[in-house]
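Here is a short report on one protein model. Keep the sequence and the coordinates open while reading.

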Amino acid sequence: MRIGYAFAIGAILWGVAQQPPAPAEHGTLRLHYVQKPIGYERYAITRAGDALQLTSDFDFTDRGGNVHLNATLRTTSDYTPIHFTAKGKSYRFVNVDSDVTIDGTSATVRADGAAAKITIPAIFYTVDGYAPFAAQMLLLRYWKQHGEQRVIRTVPGSPGNDVYIERRGREAIRIGTKTVRLERFAIDGVVWGRETLWLDEDGSLAAAVTRAGGLSFEAVREDLESALVGFVQRATTDRLADLELITARILPLKRGTYAMVGGTIIDGTGRPAIADGVVVVRDGKIADVGPRASVAIPEGVATVPITGKFVIPGLWDMHTHVTQVEWAPVYLGAGVTTVRDMGNEFEFITALRKDINAGRALGPRLLLAGLIDGPGPDAFGVYYAATPDEAAKAVGKYHDAGFEQIKIYSLITPPMVEAISAEAHRLGMTVTGHVPNGMTIDQAVIAGMDQIAHLGIRGEAGSDDVNRIIGVLKAHKTVIDPTQSWNELLGHAAGTPIAAFQPGVTKIPPSLTRLFSNAGTAGIDAATARTRLERGLRIVKALHDAGVPVVVGTDEGIPGHAVHREIELYVEAGLTPMEALQAATIVSARAMKLDGELGTIEKGKRADLVVLNANPLEKIQNVRTVRWTIKDGRVYDAPELWRSVRFQP
Ligand SMILES: [Zn+2]
């Protein structure tokens, strides 16, 4: 059947050619989202004289939504591109419509409605994101045939959209009685950060581990499907080695015992800022803090002058998915020292946490919420619960691996919310997550959820219904991470540039810019988008006023920068700058029962601090002016962190 399919594609493509070429190659890759099989990529390569023609049909269904991309790539026999097209979607909110024609040293590029004729260097490739994987397979072959050049410029894409490829090793995997020999590569720049790809001895793609829309995505050749987890683990080992290299290059400017002297200290307790203050750090903890006149700096302790600067507690992101190691320097660069991961690949996130905790890798402190969904074709991830037994098993697996929380996902039924919550509570864990389909937020809370991700409240602030719901949340001490910056990013009018509300977008690598190039809502104007956002912000304010803990969470967005935007939006909602900072520090720490050691700048707590160039209490935007981030007493240079993963500082 697959051969028939390949022939059919050949016949369509070459219908007008003089002689129908034989299909030289074809393949089927099983696609997975966070390890759940969700679709296929089928490709065929035909030969006609000197030219090769790839056609790919990339198709998956994620949580009920179909994502489909058709792509073609014509190359010379040494894989130099001649013509590339890609049309459809590569992820839920990423539309792709690209056409690139190469003519000598120039390329006619049409992408997302804009057309341009550009000059291309001798070494270049045509690729538009991770899909189709078959195009990345040909990219690897091109690289091998062109002297394994260090840099490959790619089109379409903005200048600087360069790709770097490395050989990472060989391995043999056993599938039944058969041994398959593979070579492993890292590709950096097709998406943000490194992907792992495996070619077999014929140069055919065996597997790939990458990210789509910020979450893990895997492609595995059909006959190798049983090796999926092994591929994920192998990719994880490589990426952790990459992070250890970054860690070795970005040495802390200071560690051990030192005193920062002369800055303004905003300790995050709500007390007035301390002018001309001192923070003494000893072995990762805050040994003393206060005005210069009242803090005795022990003899022989190195001092770091920070006059004119502002110190705040390390920031938290309470809703993220750290699916790649590049997040680690990004978060520290943004002043974020603790994050709660809300759903990830088990093998990756537990290994990353181990490396960070052991001090082998830099990165924020990772708190983990393990995701559980209901079963079925629309489910998310690979941990399900439809019976109390399954609920107990899934909760137990996360508990045994040291997860702090369970994250309930949309298809969990009301009885399972109760079963999961009861088991999690019995084991000393808390429960957060989506309000499941068919439930209201107050029902979810009454069924046992301690926290809720995303805002999940319909209606208008001040209405009887919203007041009643807020009353339920307050009575249950429910914690909310409203992810308003995420709503803003997806809900802004498509005609409004993201930079108009999120300046950080101008500093991200080109491969990541592509992901957001059409994030936004079509068919609405800026005023409508703002009205929708403000409805949410009024509820955030009402929750805060009622005493419901609101914590800063981003659901990723523009990496690192989204944390600052979320904080800014709370000030737009009507919180004071201090209250907005507290939502990203002590209120978050309290929600995770870690306020005894984190969340404020107080004696005895861990030295997780951010040194800013400007005062965030005067103007909340100044939270973006991170100069140094201190995690467990180690002082990192923020610009250096950003640059290590191709962000502009
Ligand atoms: Zn999320």
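## Zinc site

Are His319 and Asp555 buried or exposed? His319 is buried, and Asp555 is buried too. The model is predicted.

Both residues belong to the zinc site. The protein donors of the zinc ion are His319 through NE2, His321 through NE2 and Asp555 through OD, lying 2.1 Å from the ion. In sequence the spacing of these donor residues reads H-x1-H-x233-D. The pair His319 and Asp555 links distant parts of the chain, 236 residues apart. His319 sits in strand E21, residues 315-320. Asp555 sits in the loop between helix H12 (526-546) and helix H13 (561-573).

## Helices packed on H13

Two packed helices are described by the angle between their axes and the distance between the axes. Take H12 and H13 to begin with. Their axes come within 9 Å and cross at roughly 80 degrees. An angle of 65 to 115 degrees counts as roughly perpendicular, so H12 is roughly perpendicular to H13. From H12, the contact uses Arg530, Leu533, Leu537, Val540 and Lys541. From H13, it uses Leu569, Tyr570, Glu572 and Ala573. By class, the contact of H12 with H13 has 6 nonpolar and 3 charged residues, with no polar ones.

Now H10, residues 484-491. The axes of H10 and H13 come within 8 Å and cross at roughly 100 degrees. That makes H10 roughly perpendicular to H13. Gln484, Ser485, Trp486 and Glu488 in H10 meet Ala562, Arg565, Glu566 and Leu569 in H13. The residues of this contact divide into 3 nonpolar, 2 polar and 3 charged.

## Helix H3

Helix H3 covers residues 228-249. Its 22 residues should span 32 Å at 1.5 Å a residue, and the end C-alpha atoms are 32 Å apart, so the two values agree.

Which residues of H3 are buried? They are Leu228, Phe231, Val232, Ala235, Thr236, Asp238, Arg239, Leu240, Asp242, Leu243, Ile246 and Thr247. An α-helix has 3.6 residues a turn, so residues three or four places apart point the same way.

## Gly290 in strand E18

Gly290 is found in strand E18, residues 285-291. Its relative accessible area is 4%, so Gly290 is buried. Leaving aside neighbours within four places in sequence, Gly290 is in contact with Ile265, Ile274, Gly277, Val278 and Val295.

Leu371 lies elsewhere. Gly290 and Leu371 are 81 residues apart in sequence. Their C-alpha atoms are 42 Å apart in space.

## Backbone exceptions

Most residues other than glycine have a negative phi, and most peptide bonds are trans. Some positions depart from this pattern.

A cis peptide bond joins Ala131 and Pro132, with omega about -5 degrees. Pro132 is in the loop between strand E9 (124-126) and helix H2 (133-145). Another cis peptide bond joins Val155 and Pro156, with omega about -5 degrees. Pro156 lies in the loop between strand E10 (152-155) and strand E11 (162-175).

Tyr79 is not a glycine, yet it has a positive phi of about 75 degrees. Its place is the loop between strand E4 (65-75) and strand E5 (81-91). Tyr79 is buried, with a relative accessible area of 10%. Asp632 has a positive phi too, near 50 degrees. Asp632 is found in the loop between strand E29 (626-631) and strand E30 (634-637). Asp632 is partly exposed, with a relative accessible area of 23%.

Note on methods: Residues are numbered from 1 along each chain as its sequence is written. This is a predicted model: local features need pLDDT of at least 70, side-chain atom pairs count only at pLDDT 80 or more; totals for chains, interfaces and linings use all residues. Side-chain values use heavy atoms; hydrogens and water are left out. Donors are N, O and S atoms within 2.8 Å of the metal (3.2 Å for Na, K and Ca); water is not among the atoms, so sites may look incomplete. Helices (H or I, at least four residues) and strands (E, at least two) are DSSP runs, numbered from the N terminus. Buried means under 20% relative accessible area, exposed over 50%, partly exposed in between (1.4 Å probe, protein chains only). Axes are lines fitted to C-alpha atoms, for helices over the stretch in contact, and angles run from 0 to 180 degrees between N-to-C directions. Angles under 35 degrees count as roughly parallel, over 145 as roughly antiparallel, 65 to 115 as roughly perpendicular and the rest as oblique. Contact means heavy atoms within 4.5 Å. Ala, Val, Leu, Ile, Met, Phe, Trp, Tyr, Cys and Pro count as nonpolar, Asp, Glu, Lys and Arg as charged, and the others, Gly among them, as polar. The expected span of a helix is 1.5 Å times one less than its number of residues.
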